[in-house]
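Have a look at the structure first, then read on.

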Amino acid sequence: MTLEAWSQLWPKVPVLLQGLVVNLELLAGLLSLGLVIGVAVALVEVYAPRPFRALALAYEWFFRGVPELVLLFLFYFGPSQFGVDISAFLAAVLALGFRSSAYQSQIFRGAIQAISPGQSLAARSLGMSRLGVIRHVILPQALRLSLAGWSNEFSSVLKDTTLAYGIGVVEVMRQARYLTARNFPLALPAFIVVALMFLILTYAGNWGIGLLERRLRVPGLEARG
Amino acid sequence: MPLLRVEDLHKRYGTEEVLRGVSLTVVKGETKVVIGPSGTGKSTLLRCINRLTEPDRGRVWLGDTEVTGKGTNLNRIRSQIGFVFQDFNLFTHLTALDNVRLGPLRVKGLGKKEATERAMAELARVGLADKAGAYPAELSGGQQQRVSIARALAMDPQLILFDEPTSALDPELIGEVLGVMVKLAEEGMTMIVVTHEMGFARSVADEIVFMERGVIVEQGSPEKMFRSPEVARTGDFLRKISELYGDAA
Ligand SMILES: Nc1ncnc2c1ncn2[C@@H]1O[C@H](COP(=O)(O)OP(=O)(O)OP(=O)(O)O)[C@@H](O)[C@H]1O
Ligand SMILES: [Mg+2]
């Protein structure tokens, strides 16, 4: 790893950053998808009648049990078998998003169960509907309680976005490979830079979530353990 | 016409029959105190009245609306029956004001200004106007229970059910909660109160109901129940409970 390799890499950093933007887009997409489905799955697991609960648990079991790369291939190559053309980017958002929802649902389920059932009872005694209770009593507390666990999930899926490389999404790893395929001595510095980018993003993300957690903190409502 | 009519309520959990035919009526402005040993079905009775627990059999009327009727708008009925729980059950993430305001805002559909005014008035009524901005965790047990009473009052209910409202409190905090309840009774609020506070029962109740193993054993004025109960068990229980919890209020 020579000084020359580093000086050759320097002008290419913007290309890597371009790739990183794609990772961030993937991240935003899969986290939002995972959040919405994750909350829904958790609510089903806690409140829905037994058959629906079983279905939600099966969903969780599937998306937690199948390797990410396999999911990516399933979502990318699967639809084309049925004549549906799906972009690699969309396939990655779906595969990683569904997978993340299975993990996020566990976080939310734990949070929902940490809220004393007496509060739902009290809200019902006021004449509030079930949906009203979820909206005004359960979710505001469960989402706050979830932030700590969510911070872990963020770090984990941030790194997972690089797996989209496997189905040809032109993200940061793919850009790094393009650079180094033609110029092998660049490999080490390039991947060191990529590694640094993820370290910084992980740090920044967790810092941001921590900030949000402190902003939303309410006395007496803390995640335990 | 009585405000509340309960007719032959039955409730079973597994093989255990918790309520075995309970009937009672409450007229407007009355304070009815329900007493009885632990596990007798007092909480179950209260919860069956607004169907937080679904009774197996029997009927409940609030005014001329049958609570247990098939097509009844249950949420509407519940909004007219206040419920005060033993362990307060305040909403952890909301301030005292927001706890009291939530029902008027989200159930009664009042505007923010009106809901806030009403909530502040009810907090003042229980002596906690200065704690409007405090979260439940920042309040003593007695204060929390007073907020929960204000929360029930803010719905402008026709009657309030109290399920052992002072049982979770340190002795020195019981007085402030009983004080609020005495005031409500004097103002003509209709209440059913499950309690072991015999001083409160003696001085505030219009009628005392003694329950045991799922049935009402005896009911009558405090005078009659304390002086000359017809059933020996009633006298025994009253003596025991007065010894245990004291008789001052
Ligand atoms: N949800 C439930 N599932 C099963 N059993 C229950 C349930 N709720 C109450 N029970 C049982 O019903 C019986 C009566 O309970 P309830 O809480 O109504 O009694 P109580 O008179 O209020 O007693 P306490 O003075 O201890 O509060 C008890 O034996 C209790 O174990
Ligand atoms: Mg009870």
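In what order do the elements of chain A run from the N terminus on? They go α-α-α-α-α-α-α-α-α.

## Ground rules

This is a predicted model, where local features need pLDDT of at least 70 and side-chain atom pairs count only at pLDDT 80 or more, while totals for chains, interfaces and linings use all residues. Residues are numbered from 1 along each chain as its sequence is written, chains are lettered from A and ligands numbered from 1 in the order in which they are written, and side-chain values use heavy atoms, with hydrogens and water left out.

## Chain A at a glance

Chain A has nine helices and zero strands. (Helices are DSSP runs of H or I with at least four residues, strands are E runs of at least two, and both are numbered from the N terminus.) Taken along the principal axes, the C-alpha atoms of chain A fill a box of roughly 70 × 45 × 25 Å.

## H2 and its partners

Start with helix H2 (residues 13-47) of chain A and helix H5 (residues 88-113) of chain A: their axes come within 5 Å and cross at roughly 40°. (Axes are lines fitted to C-alpha atoms, for helices over the stretch in contact, and angles run from 0 to 180 degrees between N-to-C directions.) That angle makes H2(A) oblique to H5(A); under 35 degrees would count as roughly parallel, over 145 as roughly antiparallel, 65 to 115 as roughly perpendicular, and the rest is oblique. (Ala, Val, Leu, Ile, Met, Phe, Trp, Tyr, Cys and Pro count as nonpolar, Asp, Glu, Lys and Arg as charged, and the others, Gly among them, as polar.)

H2(A) also meets helix H3 (residues 50-65) of chain A, with axes that come within 8 Å and cross at roughly 140°. Again, that makes H2(A) oblique to H3(A), but here the crossing is left-handed. On the H2(A) side the contact (heavy atoms within 4.5 Å) uses A:Ile37, A:Val41, A:Val44 and A:Glu45, and H3(A) brings residues including A:Phe52, A:Arg53 and A:Leu57. The tally is seven nonpolar, no polar and three charged.

## H6 against H7

Helix H6 (residues 117-125) of chain A packs on helix H7 (residues 130-160) of chain A at about 140°, axes 10 Å apart. This crossing is right-handed. Among the residues involved are A:Gln119 and A:Arg124 of H6(A), plus A:Val133 and A:Gln141 of H7(A).

## Where A meets B

Chain A puts 21 residues into the contact and chain B 23 residues. About 1900 Å² is buried between them, with carbon and sulfur atoms giving 67%. (Buried area is the accessible area, 1.4 Å probe, that two parts lose on being put together, summed over both.) In chain A, A:Leu121, A:Ser125 and A:Leu126 lose the most, together 31% of what that side buries.

Note on methods
A crossing is left-handed if the near helix is turned anticlockwise from the far one by less than a right angle, and right-handed if clockwise.
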